[in-house]
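Thanks for asking me to look this one over. Here are a few notes to read alongside the structure.

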Amino acid sequence: MVRITLKDGSSKEYRKGITVGEVASDISKGLARVAVAGQLNGQTVDLMQPIWEDASLNILTFDDMEGRKAFWHTTSHIMAQAVKRLFPNIKLAIGPSIDNGFYYDFDTERPFTPEDLEAIEKEMEKIIKEDLELERFELPRQEAIDFVAEKGESYKVELIEDLPEDSVISFYRQGEFVDLCAGPHVPSTGKVKSFKLLSLAGAYWRGDENNKMLQRIYGISYPKKSQLDEYLNRLEEAKKRDHRRLGRELDLFSILEEGPGFPFFHPKGMVLRNILESFWRSEHTKRGYEEVRTPIILNRDLWVRSGHWDHYQENMYFTNIDGGDYAIKPMNCPGSMLLYKRRMYSYRDLPLRMGELGLVHRHELSGALHGLMRVRCFTQDDAHIFMLPEQVKDEIVGVIDLVDYFYKQFGFNYHVELSTKPEKAMGTDEEWEMAIDALKEALEEKGMDYVINEGDGAFYGPKIDFHLEDSIGRTWQCGTIQLDFQMPERFDLTYIGADGEKHRPVMIHRVVFGSIERFIGILIEHYAGAFPTWLAPVQVRLLSITDRSADYIKDLARELENAGIRVETDLRNEKIGYKIREARLQRIPYMLVVGDKEVESRQVAVRSRDEGDLGPMDVKTFVDKIQQEISDRS
RNA sequence: GCCAAUAUAGCUCAGUCGGUAGAGCAACGGUUUCGUAAACCGUAGGUCGGGGGUUCGAGUCCCCCUGUUGGCUCCA
């Protein structure tokens, strides 16, 4: 007998070799029905897994991330099986589950067409109806290689050869289809009730652009049709809040063919942008930052000195002036270095916090451009902090607090990553280690959870990245703090210490919004265009019922403008329902309806975007209310 | 940059087998002066992304280029 301890702490004896699925059935029929995998002593396993020893067991359903992954992984096998039935000559690469579904990469002579996808979906339906059982088996290394080689699956051979010597090599069989796979999987193909193939894409083998490009098919699946519909519905909803669409509908910005990746900001987009910048300025002034502006174009020598010439050239734009080579800045730091060097500093002057809203240009691959999220020119809300070595931790902590303050202001969730030394880097391993330790120490002092991102640092130093989560769960890197021992060295930055000698300051680069353009893109999606009143490009629209109220409305508009409120009037000869509809589509926070009654009583009928009709109100009452809302930034 | 899809009026989209371009909304003109999400009538608007080719004839078929979209790669 074996003793099995369940999630709730209870335990029970079963015969040796009972499977995970049988235990689930014993617990309850309902659980057995929704079970997709198990967790045996913390390890995810198949429901078909027999249990030979005492163990703790957790039954996973589709609601568990691990369970969902098994479910999606099985669906990817079903897709691969369908592809092999339809196109026997296609070679299989890899087919994992991802955060939202699964994909499978295929090596095929002829790219898939949308019609192929339909045929594959049909074949998958058949495989699901056949309700094939999945069976796991293991093979010794050489046999495994021979097995896949005989099938002509050269990518699988390569995968097995790259597995560590001592690893268990497992396969899963469903009907005539066998695939190399670590598992786990759901017990049979019939478990997958509802699925959809979503998109086709090219993808390099092993993500390396020097390798062959394979054909990737993405898909999603669910145990119930209603869940699939809900997911597809969510995708539709996300489309509606796409910042590119809202940017056009709300007249905020545009990106034209004449400037791919170079956005134009419209008047309303500029209002939003200016508010963000003035918020930024006031918060930074409060925290002891000064502001500078450095040139967009600087000569070649500077970029050679900063290391960008050697380490960043492929992302830079160049120009020539009077026979000399110049570069358009991709970063603000070298300019700031020059500003630091304009005079002598005492240790008493440090830390020196030098901020710059700097417009940088970077050559991004054409295929990577994406609305405001990924552009070729953007404004970094940059700052360089020069400090004594003993000030490093406090300064980093200060920036972490500042970033947190900003993001909370907009109600964002975020997570933190710590990136270490990349391949193309300046400086010694010791310097890097010191810098990484300083960042870790600051994070730990703040008690922040973070993940390590190996090899993803800037070429001059490690960094802490802040990743915001957007409306459809994508994450975007915004804030970053980068510790840099290299630039001060290269530019020979010094300060005079208490001992009267010259010393080397330490420097950090940091941004909070990251890129104002990207941040605006994220804000648009986050609020679905319905900006809180303090950010709304137009805060109030005055709507006339008939021409008779026009003069009163013009007076009101002036009064509200004088109170610092952003106002528009709609005096057109249209019905009130029509005007309200348009104002709502523009997501304007307040509509003031003014007809004969309001002219008579010297009031306004207030309709809030979020709360609907609030009824008549004295003008002063409304102004007080909205001003309060604006100053609270609620 | 690579793979695929795609580009028709300001916007959203029709356009069959290759026979010479159409709707709704928006704009403009008129009528209507109306109380909380779309009044009515009319007018105008297009080198069908650009270039080349096939054809008696191309929005439609082929090739090249550009942009866009979804991925890959890269990143704020």
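Does Ser 515 count as buried or exposed?

1. One thing to keep in mind from the start is that this is a predicted model. As for the serine, Ser 515 has a relative accessibility of 9%, and since the cut-off for buried is under 20%, Ser 515 counts as buried.

2. Ser 515 belongs to strand E30, which covers residues 506-515. Leaving aside residues up to four places away in sequence, Ser 515 touches Phe 378 and Thr 379.

3. Now for a helix pair. Helix H3 (residues 65-86) and helix H4 (residues 114-130) have axes that come within 8 Å and cross at roughly 115 degrees. Angles of 65 to 115 degrees count as roughly perpendicular, so that is how H3 and H4 lie to each other. H3 passes H4 in a right-handed crossing.

4. On the H3 side, the residues meeting H4 include Thr 75, Ile 78, Met 79 and Arg 85, and among their partners in H4 are Ala 119, Glu 123, Ile 127 and Glu 130. By class, this contact of H3 with H4 has ten nonpolar, two polar and three charged residues.

5. The other pair to look at is helix H5 (residues 141-150) with helix H6 (residues 154-161), where the axes come within 8 Å and cross at roughly 165 degrees. An angle over 145 degrees counts as roughly antiparallel, and H5 and H6 are therefore roughly antiparallel to each other. Their crossing is left-handed.

6. H5 contributes Arg 141, Ala 144, Ile 145, Val 148 and Ala 149 to the contact, while H6 brings Lys 156, Val 157, Ile 160 and Glu 161. The residues of this H5 and H6 contact divide into six nonpolar, no polar and three charged.

Key. Residues are numbered from 1 along each chain as its sequence is written. Chains are lettered from A and ligands numbered from 1 in the order in which they are written. This is a predicted model: local features need pLDDT of at least 70, side-chain atom pairs count only at pLDDT 80 or more; totals for chains, interfaces and linings use all residues. Side-chain values use heavy atoms; hydrogens and water are left out. Axes are lines fitted to C-alpha atoms, for helices over the stretch in contact, and angles run from 0 to 180 degrees between N-to-C directions. Helices (H or I, at least four residues) and strands (E, at least two) are DSSP runs, numbered from the N terminus. Angles under 35 degrees count as roughly parallel, over 145 as roughly antiparallel, 65 to 115 as roughly perpendicular and the rest as oblique. A crossing is left-handed if the near helix is turned anticlockwise from the far one by less than a right angle, and right-handed if clockwise. Contact means heavy atoms within 4.5 Å. Ala, Val, Leu, Ile, Met, Phe, Trp, Tyr, Cys and Pro count as nonpolar, Asp, Glu, Lys and Arg as charged, and the others, Gly among them, as polar. Buried means under 20% relative accessible area, exposed over 50%, partly exposed in between (1.4 Å probe, protein chains only).
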